[in-house]
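Subject: Structure handover and notes

Dear colleague,

Here is the structure that I promised to pass on to you. My notes on it follow below, going from the whole chain to single residues.

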Amino acid sequence: MRGKLHKKGHASPATLSIAEARRAVLKAQGFGNRSSNRVTQRHVIAVLKRIGMLQIDSVNVLMRAHYFPLFSRLGPYPVKLLDEACYKRSRRRFFEYWGHEACLLPLEAFPLLRWRMERARNFVGTWKSLARFAKRRPDFIERVLEVVKEHGPASAGEIEQHLAEERLGRSGGWWGWSDTKAALEFLFWCGRITTATRHNFQRLYDLTERVIPPELLNAQALSLEDAHRELVRIASRALGLATEFDLRDYFRLQPEEARARIGELVETGELVPVTVEGWKAYLHRDAKVPRRVIGQALISPFDPLVWERKRPERLFQFRYRIEIYTPAHKREHGYYVLPFLLGDRLVARVDLKADRKLGRLHVLSALEEPGVDRAQVAEALAGELALLGEWLGLGQIYVAPRGSLAVTLGQEVRRLAAT
């Protein structure tokens with residue numbers, strides 16, 4: 001690192017190179033620490049708390065979004081370890097709510113997000129269509145809450161069945177949702193209900209007080225400023241090094257609210273202002289800038305390393321966009337494209353699909369980044385794909401002849417399978 005870190009009362013910020021910034025970020029995010037030892041729930045909990053939350057998404061072309069960041073950092077692990085930590089009453093360590101998006105968060109974060117729940121109850125901070133619906137149908141929403149109280153944990157479909165006499169038609173403005181589903185979503189935003197468990201990814205709703213431990217549910221309310229300060233603190237630890245936008249985007253905070261809290265953390269010395277080849281950032285005071293990071297991981301589109309799409313451009317010179325919602329003929333790289341981390345660089349990208357019926361992992365396209373050693377990347381990526389296939393229970397890997405890396409990668413995959 002060039003220059004000394006800024007301390008409280010010092011005027012000039014430190015200067016980091018891009019390579020130093022990358023290594024600080026990867027270290028903070030938990031990359032390069034894979035062990036050959038058996039992964040236990042302790043490892044799973046440690047990683048989840050380290051990065052602050054796991055985003056939930058319904059796309060299942062490869063693996064559900066919340067499972068994958070743990071694989072990227074730990075390698076193959078039993079997914080039941082995460083399921084138990086999230087949904088088994090006796091072992092629950094995490095809950096579902098809105099963090100970055102819909103996320104799994106440590107139970108300790110519940111008091112930090114009460115302000116978001118309170119705002120939702122005042123029709124602020126939710127989707128505008130949802131707020132309009134809630135204003136129009138308060139009695140119906142309270143009726144749905146009563147059904148959850150009486151019959152929960154229950155799915156949206158089960159709750160709707162209990163409300164059959166009040167059932168309304170499907171609402172096209174809700175992506176096909178029923179009014180019951182809209183009411184449940186509003187109650188979830190408000191923190192009045194939450195996810196007790198999931199069955200085949202389907203939420204089973206229950207009253208929040210029957211899911212969140214009493215000591216957290218009844219904890220003394222934090223001021224808005226204290227809650228935001230702690231959320232910025234969590235984001236800064238998880239990110240290691242971050243711009244102002246990165247810090248507030250982690251928990252989707254408003255600019256003016258986050259900016260004041262960032263300034264306070266700079267004053268206390270918890271955040272250290274730095275410059276990275278022309279752009280300004282903040283380094284958490286406990287962040288390490290290692291001399292080397294030995295990373296090797298496929299990165300999910302929903303991984304916090306790449307949530308904010310400008311971040312991989314700044315740190316890795318890697319332009320990344322998810323193209324799930326892009327028409328097929330307009331996609332540049334593919335439908336479900338994962339960056340590949342090797343060392344401290346994003347060196348390639350692969351479009352992956354799990355064909356569970358055939359027991360095959362499909363590599364629909366593979367492209368390396370400019371200037372990398374193609375043979376080295378292909379060898380490492382083939383090994384990572386083999387680990388992924390093992391984790392997913394897929395016995396074969398098929399590499400389609402699409403993309404500049406495809407031929408070499410296919411050769412490596414076949415060589416590895418033959419050994």
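The secondary structure of the protein chain amounts to 16 helices and 14 strands, where helices (H or I, at least four residues) and strands (E, at least two) are DSSP runs, numbered from the N terminus. The radius of gyration is 23 Å, close to the 22 Å that the globule rule gives for 419 residues, so the protein chain is as compact as a globular protein of that length; the radius is taken over C-alpha atoms, and the rule is 2.2 Å times the number of residues to the power 0.38.

Please keep in mind that this is a predicted model, in which local features need pLDDT of at least 70 and side-chain atom pairs count only at pLDDT 80 or more, while totals for chains, interfaces and linings use all residues. Residues are numbered from 1 along each chain as its sequence is written, and side-chain values use heavy atoms, with hydrogens and water left out.

**The chain as a whole**

Taken along the principal axes, the C-alpha atoms of the protein chain fill a box of roughly 65 × 65 × 40 Å. Of the 419 residues, 56% count as buried, a word that stands for under 20% relative accessible area, with exposed meaning over 50% and partly exposed in between (1.4 Å probe, protein chains only). Among the contacts with a separation of 6 or more, 65% come from residues 24 or more positions apart, a contact being heavy atoms within 4.5 Å.

The protein chain exposes about 19200 Å², of which carbon and sulfur atoms supply 49%; these areas come from the Shrake-Rupley method with a 1.4 Å probe, and for residues only the protein chains shown count as cover. There are 68 positive and 49 negative side chains, and the centres of the two sets lie 3 Å apart. Lys and Arg count as positive and Asp and Glu as negative, without His and the chain ends, and each charge is placed at NZ of Lys, CZ of Arg, CG of Asp or CD of Glu.

Helix α9 (residues 179-189) has eleven of its eleven residues buried, so it is largely enclosed by the rest of the structure. Its buried residues include the charged Asp179, Lys181 and Glu185, as well as Phe186, Phe188 and Trp189. Just after α9, Gly191 takes a positive phi of about 75°.

Helix α1 (residues 18-28) is also largely enclosed by the rest of the structure, because nine of its eleven residues are buried; among them are Ile18, Glu20, Arg22, Arg23 and Leu26.

A search of the whole structure finds 13 aromatic pairs. The rings of Phe68 and Phe71 have their centres 5.4 Å apart and their planes at 65°, so this pair is edge-to-face. Here the rings of Phe, Tyr and Trp (its six-membered ring) pair if their centres lie within 6.5 Å, and planes under 30 degrees apart count as stacked, over 60 as edge-to-face and the rest as tilted. Phe68 and Phe71 are three residues apart in helix α3 (residues 68-74), and about one helical turn therefore separates them. Phe68 is buried, with a relative accessible area of 2%, and Phe71 is buried at 0%. Together with Tyr77 and Trp391, Phe68 and Phe71 form one aromatic cluster.

Leu387, in helix α15 (residues 374-392), is 316 residues from Phe71 in sequence, yet their C-alpha atoms are 9.5 Å apart. Leaving aside neighbours within four places in sequence, Leu387 is in contact with Arg34, Phe71 and Pro76, and at 27% relative accessibility Leu387 counts as partly exposed.

**Loops and backbone**

Phe302, in the loop between β10 (295-298) and α14 (310-316), counts as buried at 9% relative accessibility. Its contacts beyond four places in sequence are Gln55, Asp57, Ala65, Trp307, Ile322 and Tyr336.

A cis peptide bond, with omega about 0°, joins Gly152 and Pro153, and Pro153 is found in the loop between α7 (138-151) and α8 (156-162). Phe123 is not a glycine, although its phi is positive at about 65°; at 31% relative accessibility Phe123 counts as partly exposed. Asn200, likewise not a glycine, has a positive phi of about 50° and lies in the loop between β5 (193-199) and β6 (202-207), where Asn200 counts as exposed at 68% relative accessibility.

With best regards
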